Structure formats: C-alpha cells, structure tokens
Amino acid sequence: MSFENQIAERNTYMASLLNPSVDEEISIYSKTPLPLFSRTESVILSIIRKNQAVSKVDLIKLTDYSRSKITGCINSLVENGYIQADGLGENTGGRRSVLFSLNGNKGLIFGADIGATSIDLMIADLRGNPIARYAEPALIQHGPKKILNRIWDLFDQLMKEKNLLDQPVLAFGIGVPGPVDFKRGLVVSPPIMPGWDQYPIVSFINEHLPETVVIVDNDVNIMALGESVQGIGVGKQNIIFTKIGTGIGAGIICEGKIYHGSAGCAGDIGHICVDKEGPVCPCGNRGCLEMLAGGGAIAQRASRVVEDGKSEILQKYFDKRNGNILTEDVGYAAREGDKESIEIIRDTGKTIGDVLAGLVNFYNPGMIVIGGGVSKLGNLLLSSIRQSILKRSLPLATKDLPIVFSSLREDAGVIGAVNLAMDIYLSMERVE
Ligand SMILES: [Zn+2]
C-alpha cells in the first residue's frame, strides 16, 4: 500500500473514531481533531512544503488545477494562517509574482526520538526550523508512564524557557525502538520495551495536548526520513538507512516517503537468518543478523578474545572497565592496531554487508546510509560493509550507489520525527 493510501486509510479510521458506535477498545484517537484540509489545499501545502516558496503560476503549472480553484485555496490557507505571502519571485518579463510559503508562526511541531537508552527532543515551527533541542539518557525499560511523563515535563520546560506557552502544538511525531502499527499508533510486541505493548501513547499525549495530532513510528523509520529530508540523503528518492546498535534495523525511503509495508514492520532486517546453526535469538530463531553483528555480539566476541589471552590491548580495556568490554572499546583497540579487534570489525562489516547486498539486489536503492551506535567503530566497519555489498550485488545496482555514514547522527531521529509529524499534519484531509 502506498504511503498516501496509508494516510488516507488512517484519516478515515481517525474520523470513524468520532462515531459514537465505535467500540471502546479503539478509542485511543478520540481526542484527536477531525482532519483539516480539502484535497486541493493539502496538495498545495505539500508543494509549498517541498519547494519552500512558490507562486500561484507555479501551483497552476504543477497541479493542473484551475486558476480560480488555486486562488480560492490560497486565500483560505492565508486566511487561516497556514501560509503567507513571502516576497516576490524572479522577474520573468512581466510582473514579479508573489511567493507563498508556510507560516512559521502558525504553531509548533514536537519531535521525540525514544531510543533504548536515550531520549532526544526537538521543538520546531511549521516550516521545520528548530526552536529547541534537548537530549538526555533514559532507559526504555522503565516503561511508558515514566518515560512519557519525563518527555512531557521536558517539553513543558522547553516551552517555558523559550516563551512558547501561548503557541498551539499542531503535531507531535514520536519514534520508538520497536515494531509500530503505524495506522493505530501502537507499539506491538516489542522485544526490548517491557510495558509498552499496545500502550496508548497517543491518548497519553492527547491528555496534555487534546488538539494535537500525534504520530508514532519506528525509530529507524524516522531516522531514515531525517537523513532523506535534511541529511546526507537529500536529493535521493530511494534510500535504505541501516541502524546498527544493540539491535539492527532498516528504514526504507521509497520515492521520498517512509515505506511501512502492509503491517508496519518493513525493514526489520535484524532477524534475517545469516547462520542456521548460530546462537538462539530472543525472537526464537537461530543465527539472526543482530545476534551475530549487533553491539552485544561484538562485545561478547571481544570478551572471549580476552578470556583466551589473545589480545593485550583489549585486556587493557577489560581491566580499565573492571572486567567488562564495551563495543566502542573494540573500535579504540582496532585504532591502536589490535589485530583481533580489526578482525572482529571486518567480520561484523562483512556479515552486515552480505545482508545489505541482498537488499540492494532486491530494492535497487540510490543510497545506503549507516547509523546507530556501532557505526562509531568507524571507517574500517564501513569499508568492510562496502566491500561485501560491491562483491555480492549486481554491478548495475552498485554502479552509482553511495554507501555512507549518517550525517545527522543523533539528530536524525528528531529531525525525522518533526518532518513526519509535519507531513501527516499538512496532508490531513477533511471528510467531504
Ligand atoms: Zn531474531
């Protein structure tokens, strides 16, 4: 199903919730307001959003709508404060035309990226310009009430600090490190998020912000979107973003939009089998990618090297951390020339690259972006991933395929969350 269809289905679904006959179980969106725009208005908004400033003539050319229809919609969008006249276009002979852009003062967009061990927050205006940014460590295992209350307190504090309390919050995008039923805004059977299964995140937020549109998505999806709209992926329509951390996942950008798949879990590559005889994964299968190439696997392998007395350099880190080795220590040791660490990183890159090669053959992306904590292992990891992909993919698919690290790093998720919230908010259509 295309992204537009998913949004349309979600809009219909949300509208249906205002019908009193809807059963209790799905009342999580009950406080969300009805969709806002006519079809033409939402098309115009999406063009203005993509191009930042466009004239009436541009809109007529780009849409095939009549001049009077475009004029009517522009007037109504200006009147309601969504767009504003914003300077004049280039002189092309006749009169210079008025350009329209989104109105940054209309209200606020919140973005939150909840990771396994951190929360990242951003407040932006309706143009997507950041107004406030904050991050702190937090453990997802503490459960939804504690984490969401903390997030709410932090936003409240940021609003006070920046004198934003009088501004409405139009939309709120939230990324979580687990599978998400995108249409319903629910986390479903997450492996590392105790207490979050089916937790009504949307209604929690709507208790504080009853008029705000709340969107929940998987964290890797929002990171992929972030890179695609403001990071290294700008200008590429089809991207695979791979997050390598404790777990491994991929976000797929298809024709500029997040591809969710039919149930919402597209890109869950961490559980692709790479070794049928490999260790048992919490998912119940053997030899999943993240069991062999995730952060945990790297640290475990390094600990075994120390136990076997094979590396003095790793031993040094092991002692320094009182009998523990972190994934990043393997990167430090490799930079000091430790052969065992170099081999661990190369193997990890090869295992990930082999899986990505399959995805390249299948999907033919225009770019592969690598992010997540394990990517801090550096260029050695990237070059082994690259080698495996180039070796195992079709030459046509890799002829012009940049394989690069994330450029936004810790900001990718919040930027993606803000942009997803804006995408959804500005495409919400009235039921006519
Ligand atoms: Zn698994």
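# Burial and helix packing

User: What is Ile298, buried or exposed?
Analyst: Count the C-beta atoms around Ile298: there are 27 neighbours inside 10 Å. A residue is buried if 20 or more other C-beta atoms, placed from the backbone, lie within 10 Å of its own, exposed if 12 or fewer, and partly exposed in between. Ile298 therefore counts as buried.

User: What kind of model is this?
Analyst: Residues are numbered from 1 along each chain as its sequence is written. Local features need pLDDT of at least 70, side-chain atom pairs count only at pLDDT 80 or more, and totals for chains, interfaces and linings use all residues, as this is a predicted model.

User: In which helix is Ile298 found?
Analyst: Helices (H or I, at least four residues) and strands (E, at least two) are DSSP runs, numbered from the N terminus. Ile298 is one of the buried residues listed for its helix, along with Gly295, Ala297, Ala302, Val305 and Val306. That element is helix 9.

User: How far apart in space are Ile298 and Leu326, C-alpha to C-alpha?
Analyst: In sequence, 28 residues separate Ile298 and Leu326. Beyond four places in sequence, Ile298 is in contact (C-beta atoms, placed from the backbone, within 7 Å) with Thr327, Val330, Ile344, Thr348 and Val374. From C-alpha to C-alpha, Ile298 and Leu326 are apart by 8.4 Å.

User: How far apart are the end C-alpha atoms of helix 9?
Analyst: The expected span of a helix is 1.5 Å times one less than its number of residues. Helix 9 covers residues 295–307, so its 13 residues should span 18 Å. The end C-alpha atoms agree with this, lying apart by 19 Å.

User: Which helices do the buried residues of helix 9 pack against?
Analyst: Those buried residues include Ala302, Val305 and Val306. Their partners are helix 8 (289–293), helix 10 (312–320), helix 11 (327–335) and helix 12 (339–363).

User: Which residue with a positive phi follows helix 9?
Analyst: The phi of this residue is near 65 degrees. Most residues other than glycine have a negative phi. The residue here is Gly309.

User: Which residues make the contact of helix 9 with helix 10?
Analyst: The two axes (lines fitted to C-alpha atoms over the stretch in contact, with angles from 0 to 180 degrees between N-to-C directions) come within 9 Å and cross at roughly 105 degrees. That makes helix 9 roughly perpendicular to helix 10: angles under 35 degrees count as roughly parallel, over 145 as roughly antiparallel, 65 to 115 as roughly perpendicular and the rest as oblique. Helix 9 brings Ala302, Val305 and Val306, while helix 10 brings Leu314, Gln315 and Phe318.

User: What does the packing angle make helix 10 to helix 11?
Analyst: Helix 10 and helix 11 have their axes 9 Å apart, at an angle of about 140 degrees. Helix 10 is therefore, relative to helix 11, oblique.

User: How many charged residues are in the contact of helix 10 with helix 11?
Analyst: Ile313, Leu314 and Tyr317 in helix 10 meet Asp329, Tyr332 and Ala333 in helix 11. Ala, Val, Leu, Ile, Met, Phe, Trp, Tyr, Cys and Pro count as nonpolar, Asp, Glu, Lys and Arg as charged, and the others, Gly among them, as polar. The contact has 5 nonpolar residues, no polar ones, and a charged count of 1.

User: Which crossing do helix 3 and helix 4 make, left-handed or right-handed?
Analyst: Helix 3 (residues 56–63) and helix 4 (residues 67–79) have axes that come within 10 Å and cross at roughly 125 degrees. A crossing is left-handed if the near helix is turned anticlockwise from the far one by less than a right angle, and right-handed if clockwise. The crossing of helix 3 and helix 4 is right-handed.

User: How many other C-beta atoms lie within 10 Å of Asp217?
Analyst: Asp217 lies in strand 10 (residues 213–218). Beyond four places in sequence, Asp217 touches Gly175, Val180, Phe182, Ile222 and Leu420. Asp217 is buried, because the count of other C-beta atoms within 10 Å is 24.

User: What is Asn163, buried or exposed?
Analyst: Asn163 is found in the loop between helix 5 (144–161) and strand 7 (169–176). Its phi is positive, about 55 degrees, although Asn163 is not a glycine. With 8 other C-beta atoms within 10 Å, Asn163 is exposed.

Technical notes
Contact = placed C-beta atoms within 7 Å.
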